[in-house]
Amino acid sequence: MVTSVNLCGLKLINPVIPASGTFGFGLEMAPVYDLNVLGGISLKGSTAEPRFGNECPRIAECPSGMINSVGLQNPGIDVLVNDRLPALRSIYSGCIIANISGFSVDEYAECCEKAALAPEVDIIEVNISCPNVHGGGLAFGTSPKAAAEVTGRVKAVCKGKPVFVKLSPNVTDITEIARAVEDAGADGLTLINTILGMRIDIAARRPVVANRYGGFSGRAVFPVALRMVNQVARACSVPIMGCGGVASAEDVIEMMMAGATAVQVGAENLRNPMVCKEITENLPSVMDKFGIKDINEIIGIV
């Protein structure tokens, strides 16, 4: 039974990847289980300078999901390159994905170039879609022109490393953004990021999240993510990492049938930190149940 997939020339032992922002830098989970059961790891998003993030409270519970407005809290790109990456590579042999955010095209280019030069990094994932940072990713992620501009600049400095662009679902037509990014040279696409949402504390008569709005994620967004992955897979020819509401091996198979080559698991990591390990363990038996001998045969069959 074949569970391995090829992602831009990189062989992953399986398609399961913890999504950025839900698994830290991988090192946090290393004492809990062997990270080498994972096909890849998308690291916590990095910016040029260290960021404390948004004011608290940053999290709001929702039925079948959550809203977060963390605000890209991270130690900065230099700490990632000089400390976190070597430490992770010393214990993990799979695909390492550096997730990069920025507040300007220049910042994206600067951070992506540093990440691409790091020998430990296999893929650059450019987050143009974070909805909870003022003046940040939302503008880039919702404009085809701006998304293409960021992609072009990043590709110019990431020679030799595949560039995946993470798309925002907070748009009228996600295929328009996807085509613009593909035309600008992206090697692949990740979708979806969180959906902009809100909760209100009716007793206090104010938003639960200090930043008012935040990114809605969790099992409730899976049908939306699946639809968008399928739309983009039918509109573009580059590989896709599907993400959004994935919580089981069955979800992984469904996402791949929609068109994803690899599948990221996000909010479910926060509810169940063991979920990615469990999915990798359950995947062969679920494949057998549905008569799938090679997981690659189902990519984009719908």
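At 43% relative accessibility, Arg212 counts as partly exposed (buried is under 20% relative accessible area, exposed over 50%, partly exposed in between, with a 1.4 Å probe and protein chains only). Select Arg212 in the loop between strand 13 (206-207) and strand 14 (214-217); its phi is positive, about 75°, although Arg212 is not a glycine. Strands (E, at least two residues) and helices (H or I, at least four) are DSSP runs, numbered from the N terminus.

This is a predicted model, in which local features need pLDDT of at least 70, side-chain atom pairs count only at pLDDT 80 or more, and totals for chains, interfaces and linings use all residues. Residues are numbered from 1 along each chain as its sequence is written, and side-chain values use heavy atoms, with hydrogens and water left out.

Next, select Ser64, in the loop between strand 5 and strand 6 (65-68). Ser64 also has a positive phi, near 60°, and is exposed at 52% relative accessible area.

Now go to the cis peptide bonds. One runs from Cys56 to Pro57, with omega near 0°; Pro57 is in the loop between strand 4 (40-42) and strand 5 (59-62). Another joins Leu191 and Ile192, with omega about 10°, and Ile192 lies in the loop between strand 10 (188-191) and strand 11 (195-197). Most peptide bonds are trans.

Finish with helix 1 (residues 77-89) and helix 2 (residues 105-117). Show Ile77, Asp78 and Val81 in helix 1, which meet Cys111, Lys114 and Ala115 in helix 2 (contact means heavy atoms within 4.5 Å).

Key:
Axes fitted to C-alpha atoms, helices over the stretch in contact; angles between N-to-C directions.
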